[in-house]
Amino acid sequence: MVYLTRKAEFSASHYYHNPQFTAEENRRIFGKCNNPNGHGHNYTLEVTVKGEVDPRSGFVVDLKQLKEILNREVLDALDHRFLNKEVPEFATRIPTTENIAISVWQRLQSRLERAQLHRVRVYETPDLFVDYYGE
Amino acid sequence: MKAHLTRRYWFSASHRLHSDAMSEEENRRTYGKCNNPHGHGHNYAFEVTVSGPVDQATGMVCNLVDLDDFVHAQILERFGHENLNTLQAFRRRVPTTENLCREIFEILQRGFTAAHLEKVRLEETMMNSFEYAGEAEVRR
């Protein structure tokens, strides 16, 4: 089994707010992230796939295809967007780093052909990241 | 759905590697420059990884404020700008980065209950890093 990781970057804005909480609860739980006008990050994304090496091509996955899928399914949807307002799943799900990692996984999983998705890692900042393994 | 959250922190501290179980000559041979009696220091960086189900209401594994507060009070305050050899934790154990990594893991395991502790990764310099996950295997 060989693991391959592809890195990408996107910039987006978001805010944290649960309509079922009171205004005071939202402020207490989410702090500065509750500002309704939003704030932004330069996110770094690492997608790791795994599989056996194809004896003909020598590839685990065709990196060109992986890059295309990543661009189309993830970066076109998230890059330079206000996540709460412009990305459908975040209308009902708070766009935390945890939920962004889950969303990236769900966007990619059904599109990959040969290789199996192993891990999605999303860095919100260099000192904070989330890993999702599809569990 | 279960996610793993990793947060990175920094502190600076000094230490001297010296084992009472060894002769002076053996200490010098084993630890080299690190055995200098006056000690030396590092900028340590460490990563704490916790895991758990993502809370539907908050979208979080645990509130980052709780993790930061715990780490500041229990780890950064304890080790930051200290000589590790003078601390209770290293009275009987050599303050190698292996032992420091294990000590940080154990402090978190005892006191931080808001999420499951997966792993501590400690960098002594940009060239050396250590990972400890208790009895579990380190996950890639």
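Helices (H or I, at least four residues) and strands (E, at least two) are DSSP runs, numbered from the N terminus. This is a predicted model, where local features need pLDDT of at least 70, side-chain atom pairs count only at pLDDT 80 or more, and totals for chains, interfaces and linings use all residues. Residues are numbered from 1 along each chain as its sequence is written, chains are lettered from A in the order in which they are written, and side-chain values use heavy atoms, with hydrogens and water left out.

**View 1. Glu52(A) in its loop.** Glu52(A) sits in the loop between strand S2 (39-51) and helix H2 (63-78) of chain A. Beyond its neighbours within four places in sequence, Glu52(A) is in contact (heavy atoms within 4.5 Å) with Met1(A), Phe59(A), Val60(A) and Arg114(A).

**View 2. The largest nonpolar core.** Such a core is a set of buried Ala, Val, Leu, Ile, Met, Phe, Trp, Tyr and Cys residues joined through side-chain atoms within 4.5 Å. The largest one has 65 residues, and Leu78(A) and Phe46(B) are among those with the most contacts inside it.

**View 3. Where chain A meets chain B.** Chain A brings 22 residues to the contact and chain B brings 21 residues. Two salt bridges (a side-chain nitrogen of Lys or Arg within 4 Å of a carboxyl oxygen of Asp or Glu) are counted between the chains. One joins the side chains of Arg7(B) and Asp127(A), at 3.4 Å, N to O.

Technical notes. Buried < 20%, exposed > 50% of the residue type's maximum accessible area, 1.4 Å probe, protein only.
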